[in-house]
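Notebook open, structure on screen. I want to write down what I looked up, one entry at a time.

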Amino acid sequence: MLRKPMPVLSALAVLLLPVCPAQQQASTAANAASAKEGAAVPSERGRILGIGGIFFKSANQQQMREWYGKHLGLADKGGGVMMPWREKDNPEKEHVTVWTVFPGNTKYFEPSQAFMVNYIVDDLDALLERLQKEGVKIDPKRQNEDYGRFAWIYDPDGNKIELWQPLTPKKK
């Protein structure tokens with residue numbers, strides 16, 4: 001039995017948003033309105049490309065993985081479920097959204113949230129520079145891995161948000 005269903009429902013809601021036509025229309029209208037208000041325009045570097053990951057905690061990590069695998073087909077054997085997708089305006093560009101359950105005692109989401117969304121960005125440095133000018137709280141920590149660069153910001157409620165710039169594969 002799920003002890004804290006809200007993070008799970010929140011994660012599912014985020015996964016389902018792109019398939020709802022009404023949500024797409026509302027999102028398009030909201031994006032157009034925010035562009036008029038001086039928000040980042042899609043042609044600028046330092047923008048969000050998509051959801052890079054949906055992560056949530058569970059005190060029963062293995063049981064949760066098994067439930068999602070059995071009932072929803074999200075078979076996480078420990079490395080996360082990789083869900084590939086392509087950009088609408090750049091279909092040759094493939095990305096991946098990672099879905100995974102973290103142990104209930106993870107410190108990765110600190111300060112105190114139950115789930116975290118990871119956003120794929122096109123230019124981490126440009127985005128962080130712009131966010132700093134806009135007064136957004138930015139974690140000074142940075143992480144470089146063989147699959148990309150990471151930084152973290154906080155929304156007005158103090159929720160930690162992960163930003164991920166995947167490394168561009170080297171052409172052979």
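**Helix H4 and the sheet.** I began with the buried residues of H4 and found that they pack against S1, S4, S5, S6 and S7. I count contact as heavy atoms within 4.5 Å. Helices (H or I, at least four residues) and strands (E, at least two) are DSSP runs, numbered from the N terminus. Before going on, I note that this is a predicted model, where local features need pLDDT of at least 70, side-chain atom pairs count only at pLDDT 80 or more, and totals for chains, interfaces and linings use all residues. Residues are numbered from 1 along each chain as its sequence is written, and side-chain values use heavy atoms, with hydrogens and water left out.

Which residues of H4 are buried? I get Leu124, Leu127, Leu128 and Leu131. They line one face of the helix, because seen down the axis of H4 they fall within an arc of 95 degrees. That arc is taken over the directions from the helix axis to the C-beta atoms. An α-helix has 3.6 residues a turn, so residues three or four places apart point the same way. For burial I use under 20% relative accessible area as buried, over 50% as exposed and anything in between as partly exposed (1.4 Å probe, protein chains only).

At its start, a side-chain oxygen of aspartate 123 comes to within 3.3 Å of the backbone nitrogen of aspartate 125. Just after H4, glycine 135 has a positive phi of about 85 degrees.

**The sheet.** Strands pair here if DSSP finds at least two bridges between them.

I then went through S1 (residues 48-58), which is antiparallel to S4 and joined to S4 by seven bridges. Phenylalanine 55 has methionine 116 in S4 as its bridge partner. S1 and S3 run parallel, with six bridges between them, and there isoleucine 54 partners tryptophan 99 of S3. S2 and S3 are antiparallel over six bridges. In that pair, valine 81 stands opposite tryptophan 99.

Is each buried or exposed? Threonine 106 counts as buried because its relative accessibility is 15%, whereas asparagine 105 is exposed at 60%. The threonine 106 side chain reaches the backbone nitrogen of tyrosine 108 at 3.1 Å. Asparagine 105 is 47 residues from serine 58 in sequence, with 8.2 Å between their C-alpha atoms.

**Whole chain.** I finished with the totals: four helices and seven strands, and 32% of the 172 residues buried.

Conventions. A polar contact is a pair of N or O atoms within 3.5 Å; within protein, one must be able to donate a hydrogen and the other to accept it, and residues adjacent in sequence count only if both atoms are side-chain atoms.
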